[in-house]
Amino acid sequence: MVAPTEDRRRIASRVSVLQAGVIVWFAALAICFWVLQVVQTDKYVEMANSNYQRTLALRAPRGVLLDRDGRVLVDNRDSFTISIDRETTKDMAETIRVVSAVLGLNEEQVKENVERYIRAEPAPYRPAIVLEDATLEQVMRLKARKRELPEVLVEQVPTRQYPGEALAAHLFGYVGQASEDEVRDGGLSRNAIVGKFGVEKVYNALLMGEDGAKRVVVNSVGREIDTLEQIDPTEGRRVQLTIDLDLQKAAEDGFRHAGFNGAALIMDPRTGEVLVHASMPAYDPNDFAAGIKRTTWDALNKDKLRPLNNRVLQGRYSPGSTFKIVVATAALEEGLVDPDYRVHCSGGANFYGRYYKCHLKGGHGSIDMRHAIEKSCNVYFYTLGEKLGVDRIYKWAEKLGLAGKTGIDLPNEIASLVPNTEWKLKTTGQRWYPGETISVAIGQGQVTVTPASLANMIATVANGGTRVTPHVVKAIDEGKGWKPVPLAAVADRVAFKPTTVAALHDGLWMVVNAAGTGVRGKIPGRDVSGKTGTAQVISNEGRARARGTDRDLRDHGWFVFFAPKDNPVIAGVIFAEHGLHGYLGAPIAKHVIETYYAKKEGRPLPVLENKNTNEPPLADPDSPPVLEPVAVADARPVSARSMTARNTAR
Amino acid sequence: MFERRLYHHVDWAMVGAILTLCLIGLVQIYSATYTDNGPHANFYTQIWAILIGFIVLTLVLAFDYRSLADKSHFLYIAIVAALIGVLLFGVVRGGSRRWIDLGPMNLQPSEFAKATLALVLAKFFGEARRGTVARTDFLIATVITAVPLLLITQQPDLGTAVTLVPVRFAVVFVAGMSMRIFGILAVVAILAAPVAWKFALQDYQKERISTFINPSQDAKGAGYQQIQARITVGSGGPFGKGFREGTQGQLRFLPVAHNDFIFSACAEEHGFVGVVVALGLYLFVIVRSLEAARLAKDRAGSYLVLGVLASFTFQVVYTITMSAGLAPVKGLTLPLMSYGGSSMIATLAGFGLILNVRMRRFTN
């Protein structure tokens, strides 16, 4: 059956219509492909690259911190950081929902964290961190769901590891994510971990190292297929501290054993190398290592005992009787008296028309300087204070390192305050009344000092007049082996007269080894020398007013010491917070000194025995000193009350 | 049956173009499915499909298309039966029931429905006494198309079902449907679109279309594929990234790179140059086929060519448009290139019919 011509024509024309349509469509397709592949190719190449290439930051481990014997104090461990890759995430809300469920986290909390992160870090190629320091279990659960969650990354990150029991926490400080300022000023990335406190902060530039980067090929489910390029991170410099791990432990054990908080700074008086730096209570720096939880941070800040406060450098207290050492030094070096100068103590004396009491009711009788130090006779030092005047006391306080800052290489040190006439005129606009000097002479009044400066003072007394600068770093490994850090410049050098050194050392030796208040620090054959002191928390009238509040009004105790008496090798301070008596700090010093010698002589280190609860309290000549005539009548009941408080505390 | 002289009337140029497209597809499947342990099993399956396809093509050539068209009602009944069989006993994969298990391979009857429908419609309109077509003829043609179409919809496989529609319209169009009616139908279709949107389409289908208009609204599902397809094509650039060097296809950012999106993968690895070559080959095959329709000895021959070509062209055009991320994502294969045994064999059988018509243009 042959198609009629009419049919042929119709078929031919309609086929031509179809043909034209097809050709037009194919031409249009060719143009589309030309636009995509030739005109816009750069844009799509970039998109394809960001699909399969991922740049991962390789965080540099921070430099290891070692103790003076080369034992590792602060190291790094691997932790897992879980984050969401913002570039490949299609639905952030959904991803957050699933991730929170898998990790067992609060979805709202995760959402808030991610949103805060994204606000702070606009660069989209930086993954938003969901969880730092994830547990192994969380990582395994996530790996099992990897196919559904290709945009969720698990990175192994070196994280700071500090010793247990918050050892030397305030010395090490802690690390944290760089703040806005640090990012701007230091040219750091927002994810950078920097030192925020302590050695971590001061030596951050050395410790930080340099982050590396890795450019990898990933497939559509986020699996790494290949590494295109890798820049290895450079580990931070190793830093050797002057700290002695054994002594540090001994001091902190001593505090725990004694049952009070406080601070200790113990150093080598010849060099200023810090052997022990302790502040109790402490925080656990490990809590900060992988980003601190807000609840932990809030708890630390709200804690009434203020564990974040470094009492060694940031606590300022009245030095009490330990200040008598300064007055004695000043009087001897100024040549006003010699060590045999005697004062008659009848239990009190009149100065500038007022009666000031000694703590011993019957008085010490006729007493020379050595015994005045031993017995802590107030009348003796009132007399020296009257002879010196406040400005000469200030001068010698400064020479001994007690006024101002010690210059230690740790952050946030506050200045110790020893008053003088110029200072008073400047701050209050009033002139100095000579009567005020009498209070200052026994470490009362406006004198407030940090434990660090008191340690500096006793070290200067111990070494015979050289005011060293305490420091905590011994050597740095810049990559070419250990390089010792040059000793910090000596702040001041005054060679004391030999008679001065002999009198001071004898008196301080007698405090511990004869009839003084430091007998609990006595170690046969070691000639420990020292002085106790009490820092009043509140004046006697204030105490009466504050009764009934929950403030802890118990006095602080001091014990400054060095050993041995001649050519001392160790010196420092024990601050017993609300410890009531300075002599209660002495056993801590004793334990540290015993450890020091045991180590030096290769004997087993001493261990603290269980507390002997039967130890009788000592009479404490440092207890509430008497300043005002009004208070004199009240003196008896106050000290009785404080005895009661102590007995309850024990 | 197969006289020697007919051998000289075979359109060898078109056979060559078809074979080249099959080989380009094969190379692309090799690249897209290659595993660390060598070529994937899909690669060998495709070789077999091409071989079987050409055997079937030869067989189809051996019989005069007129006698095939005469027997087409048997084929039609067989296909309808097979489609019903699929719904009852078919193999379920990915949520739809499209395959009959034949032991070593699965057969997808819906692929063969296209050529069968073309044969039946060619016979129906070819036998019409007058050159013009009555309204009842349109109705009958519509019913003939609707039966397999609805059966395929039930699998469900809307993509393949829709490819039957161009068969009916192409045949009717060339068979002489008046342009007026054509225009009316077009207007009705446009007016019906919102109604269909509201009642006929399933939610996931609506989503596909709205996603096409705004891919970022479903950046994880269909929108993701569309975006990735465009990135794949665009990043190929003028000359491509090279054989097995395409990051989008090799690293699986582009889904089903050996099947629905094979053209995107090809565009990535061989660039605009490769695209132009492939497009040219397809256009050549289509234009040569249209010529065969013009040259056909009788109306039935023309209608048969156009019926077969209509679904082929529709599928090629749609898939390539989609592979550039310019059409909503729909699970359709690219004939001759995509992986798939049934599709390959049915397509080659269809070209057997087209070659058949051209070859026998001088015979009585």
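This is a predicted model: local features need pLDDT of at least 70, side-chain atom pairs count only at pLDDT 80 or more; totals for chains, interfaces and linings use all residues.
Between chain A and chain B, about 4,200 Å² of area is buried, and carbon and sulfur atoms give 71% of it. Buried area here is the accessible area (1.4 Å probe) that two parts lose on being put together, summed over both. Three residues, A:R14, A:F26 and A:Q37, supply 17% of the area that chain A buries against chain B, more than any other three residues. In terms of contacts (heavy atoms within 4.5 Å), 41 residues of chain A touch 56 residues of chain B.

Residues are numbered from 1 along each chain as its sequence is written, chains are lettered from A in the order in which they are written, and side-chain values use heavy atoms, with hydrogens and water left out.

The model scores ipTM 0.92 and pTM 0.70. The table gives pLDDT, the predictor's confidence in each residue, from 0 to 100.

| Chain | Mean pLDDT | Residues at 70 or more |
|---|---|---|
| Chain A | mean pLDDT 86 | 91% of residues |
| Chain B | mean pLDDT 87 | 93% of residues |

One stretch to treat separately is residues 625-650 of chain A, where pLDDT stays under 50 and the model has 34 contacts beyond four places in sequence.

Now for some helices (DSSP runs of H or I, at least four residues, numbered from the N terminus). Just after α14(A) comes A:G335, with a positive phi of about 75°.

Over in chain B, helix α6 (residues 109-126) holds B:E111. Is B:E111 buried or exposed? B:E111 is buried, because its relative accessible area is 5%. Beyond its neighbours within four places in sequence, B:E111 is in contact with B:T333, B:S342, B:S343 and B:A346.

Helix α3 of chain B (residues 41-62) contains B:L51, which is partly exposed, as its relative accessible area is 47%.

Note on methods. Helices (H or I, at least four residues) and strands (E, at least two) are DSSP runs, numbered from the N terminus. Buried means under 20% relative accessible area, exposed over 50%, partly exposed in between (1.4 Å probe, protein chains only).
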